[in-house]
Amino acid sequence: MPYDNDEKKITNTAAEQAQHDTEQSLEDALEEMLLASGALDKADQPEGEAAQQDSAEEDLPDVLPVLSVRDVVVFNYMILPLFIGREKSVRAVEAALASKRHMLVCTQKDEHQEEPSPEDLFSVGTVVHIMRMLKMPDGRIKVLVQGVNRAHVEAYTQREPYFEARVSILEESNPEESPALEALLRTVREQSEKVLSLRGLPASDITSILQSVQEPGRLADLVASNMRLKIEEAQHILEAVDPVERLEKVNTLLHKEVEVATVQARIQNSAREGMDKAQKDYFLREQLKAIRHELGDGGEGEEDEIESLSAQLAKIGLPKEVKKEADKQLRRLRSMHADSSEANVVRSYLDWLVELPWKKTSRDKLDIHAAAAVLNEDHYGLDKIKDRILEFLSVRKLNPESKGPILCFVGPPGTGKTSLGRSIARALGRKFQRLSLGGMHDEAEIRGHRRTYIGSMPGRIIQALKQAGTRNPVIVLDEVDKLGADFRGDPSSALLEVLDPEQNFSFSDHYLNVPFDLSKVMFLCTANRLDTIPGPLLDRMEIIELSGYTVQEKVAIANKYLIPKAIHENGLLPSDIHIDEAAIVRVIKEYTREAGLRNLERELTALCRKTARKKAENEQPPFTINADSVEKLLGVPRYLEDDNAKILGAGMALGLAWTPVGGEVLTIEAIAMPGKGGLMLTGKLGDVMKESAQAAESYIRSRAQALGIADDAFEKHDLHIHVPAGATPKDGPSAGITLTTALISALTGKKVRGDLCMTGEITLQGRVLPVGGIKEKILAGVNHNLKHVIIPKQNTKDIEEIPADLLEKITVHPVEHYDDVLPLVFE
């Protein structure tokens with residue numbers, strides 16, 4: 001049964017003695033509950049207690065001594081022991097015992113107040129009957145009381161030597177029986193039984209007691225007296241005079257108590273299971289430790305491991321802020337159990353701090369001539385890029401504190417962008433790391449995962465630095481134009497901090513949560529195109545374009561790099577095989593059509609592989625591969641020169657286009673047919689190319705007379721423009737003058753020269769505007785054996801990037817207006 005006392009501070013010894021003196025057996029406790037509930041008949045009670053009960057039911061006096069208590073609210077029929085220690089309280093009990101053993105028990109509003117005044121007590125309390133009294137050795141007294149009636153304090157008639165008040169009894173009404181009342185009674189009983197079962201208490205005897213109580217007010221008081229209520233909640237129930245209202249309040253609190261008890265039981269079960277598993281694991285680990293000790297294989301203990309981590313962190317030269325965080329995590333690790341999951345997280349974090357190169361750098365090779373020799377050894381041509389790298393080395397030699405550049409190599413696949421990064425690292429004497437960004441969607445790949453996640457780890461940048469072992473490696477960010485973005489974040493935005501020399505000196509990875517200096521890292525990016533790279537990211541990079549290789553360059557690269565590599569990989573000796581230049585040229589023209597070298601490398605590898613088979617079949621080397629034997633080894637040529645394409649019919653013209661894999665020659669066809677002036681466009685053309693065709697038609701109609709076209713040609717004819725390879729999407733403004741030429745040829749019947757190609761955007765006034773990809777386009781014209789090319793005059797500056805030997809094979813005609821094109825295009 002619950003009990004309380006009015007003394008706040010009791011020594012443990014005195015409290016234990018008092019509890020021991022008042023402790024009852026289970027039978028006594030049930031008997032008191034039966035008495036409180038009325039389930040035990042008076043005839044069954046002991047004679048003394050029956051007499052006391054009769055006395056408690058006599059008429060109560062109007063003026064009663066007042067006993068102030070704290071931490072407890074006494075309800076009707078509630079039996080509990082009270083320990084009395086304050087002088088006023090002792091005097092009040094003595095006065096009650098000298099009278100009819102009745103007194104009013106009121107609860108303090110503030111339990112911490114040692115000497116409360118009448119204003120510090122609640123105005124509604126419970127009249128109790130003193131059943132027993134015992135004096136303690138320390139001067140205090142112990143009384144056993146039972147609640148009799150609710151009462152309201154009308155006025156205090158005495159304050160010294162004890163409180164005395166005039167009270168009015170709060171009588172209860174008897175509610176009529178109804179289905180709603182019965183439902184409420186059953187709900188309260190069921191909720192009470194559920195709380196008892198959740199707390200693991202025997203409920204069979206108590207359930208029978210609850211079932212025997214039929215009055216709603218009595219049941220409410222009985223349940224409330226056995227609940228763990230706050231003083232304010234218990235006082236509200238005590239002040240509720242209406243029995244049904246009081247029972248409803250108890251039902252509400254019971255519902256909350258069931259929820260709390262449910263969660264508490266779940267927590268206890270979970271803790272018990274976890275404790276059992278931890279004890280089992282500990283026992284097994286202790287056994288394992290003993291076995292290892294017997295075998296002489298004890299290993300390094302936990303303390304030794306922590307001391308080793310501490311020593312390593314002290315040696316690697318951590319920055320001040322990082323050292324502070326490392327010391328904090330070390331202190332946490334010392335206070336944790338070695339086998340806890342949190343200890344593993346902290347240990348992994350400290351391992352990362354130890355393994356990162358906070359101070360370690362590789363010494364740059366600043367010999368400019370040696371670096372140039374390395375670059376020339378690894379790559380043929382690429383003079384502009386090599387000059388840029390040598391410029392960086394020169395600046396670094398003069399100013400060691402200069403920041404590293406952010407270079408972005410843009411060009412078709414297979415032009416050596418990634419391998420160029422490896423050569424730069426070799427020339428500088430730095431470590432090399434490559435990160436593939438193609439298809440990356442998660443920002444955490446760059447910034448790292450926060451340590452709150454399971455399996456969290458640093459981002460790819462920090463991982464690359466750990467693998468490199470130095471803080472100044474060359475890191476190639478491959479395929480930066482193919483980054484993605486979704487609900488997990490935008491990696492390109494995360495790269496803004498990485499690639500900004502003004503910010504990356506304090507790059508913060510989410511896992512490390514401390515700054516790391518990336519300013520010494522040389523970042524190189526590669527991309528196939530620029531239009532898919534976000535503007536802010538593109539602004540942080542220095543763009544260097546790599547166009548495709550000419551036939552001569554491919555032949556030189558094949559002889560110097562590709563063929564020796566293929567011979568070695570296929571187990572041949574250099575003396576076993578000879579591929580002459582004519583065979584290489586035929587492979588380039590008839591078996592590959594690309595700006596880079598990947599397909600050429602595959603075909604040359606195939607030649608070496610077939611030669612290796614001959615040698616394995618005991619045929620005697622050397623083996624010579626010439627132009628005639630290429631077809632026998634590689635099969636039918638994939639790309640044949642179309643001689644008919646050089647003989648263009650009326651309405652046909654050759655244009656130049658740029659693609660991500662290099663330049664391309666397009667044949668544009670146009671016909672005029674009887675109709676009503678319509679324009680039809682086919683060949684899967686994009687919006688920009690369709691608008692170029694419409695602009696070309698408008699220009700021709702405005703100049704029809706000067707171009708020798710009949711005035712009624714457009715009213716009596718429909719025009720149809722088609723660009724072959726209809727399954728391939730095509731777009732861009734650079735076909736403007738080609739479309740114009742094809743339309744004029746179709747309307748006039750004049751044929752366009754078959755050895756001429758052109759590129760340029762046209763306006764309604766006939767002006768020819770500049771376009772991009774001039775080098776790739778001219779290279780495509782040379783590969784198709786064309787002799788003349790027309791380009792916009794404003795693109796003349798781009799001719800400087802074209803090798804001189806390439807310009808010797810084709811004549812370039814810069815034009816400003818379409819009037820400059822007409823004398824060049826028709827036969």
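This is a predicted model: local features need pLDDT of at least 70, side-chain atom pairs count only at pLDDT 80 or more; totals for chains, interfaces and linings use all residues.

Q: Why are helices H20 and H22 called oblique to each other?
A: The axes of H20 (residues 551–569) and H22 (residues 598–616) cross at roughly 50°. Angles under 35 degrees count as roughly parallel and 65 to 115 as roughly perpendicular; H20 and H22 are therefore oblique. The two axes come within 10 Å, and H20 passes H22 in a right-handed crossing.

Q: Which residues of H20 meet which residues of H22?
A: On the H20 side they are Lys554, Ala558, Leu562, Ile563, Lys565, Ala566 and Ile567, and on the H22 side Leu600, Glu601, Leu604, Thr605 and Cys608. Of the residues in this contact, eight are nonpolar, one is polar and three are charged.

Q: What do the buried residues of helix H21 pack against?
A: Ala583, Ile584, Arg586, Val587 and Ile588 are the buried residues of H21 (residues 581–590). Their packing partners are H20, strand E15, H22, strand E16 and helix H23.

Q: What makes strand E24 largely enclosed by the rest of the structure?
A: Buried means under 20% relative accessible area. Five of the five residues of E24 (residues 788–792) are buried, so E24 is largely enclosed. His788, Ile790 and Pro792 cover one side and Val789 and Ile791 the other.

Q: How do you know that E24 pairs with E21 and with E25?
A: Pairing requires at least two bridges. Three bridges join E21 (residues 756–758) to E24 in parallel, with cysteine 757 partnered by valine 789. E24 and E25 (residues 811–815) pair in the parallel sense over five bridges, and histidine 788 stands opposite threonine 811.

Definitions and conventions. Residues are numbered from 1 along each chain as its sequence is written. Side-chain values use heavy atoms; hydrogens and water are left out. Axes are lines fitted to C-alpha atoms, for helices over the stretch in contact, and angles run from 0 to 180 degrees between N-to-C directions. Helices (H or I, at least four residues) and strands (E, at least two) are DSSP runs, numbered from the N terminus. Angles under 35 degrees count as roughly parallel, over 145 as roughly antiparallel, 65 to 115 as roughly perpendicular and the rest as oblique. A crossing is left-handed if the near helix is turned anticlockwise from the far one by less than a right angle, and right-handed if clockwise. Contact means heavy atoms within 4.5 Å. Ala, Val, Leu, Ile, Met, Phe, Trp, Tyr, Cys and Pro count as nonpolar, Asp, Glu, Lys and Arg as charged, and the others, Gly among them, as polar. Buried means under 20% relative accessible area, exposed over 50%, partly exposed in between (1.4 Å probe, protein chains only).
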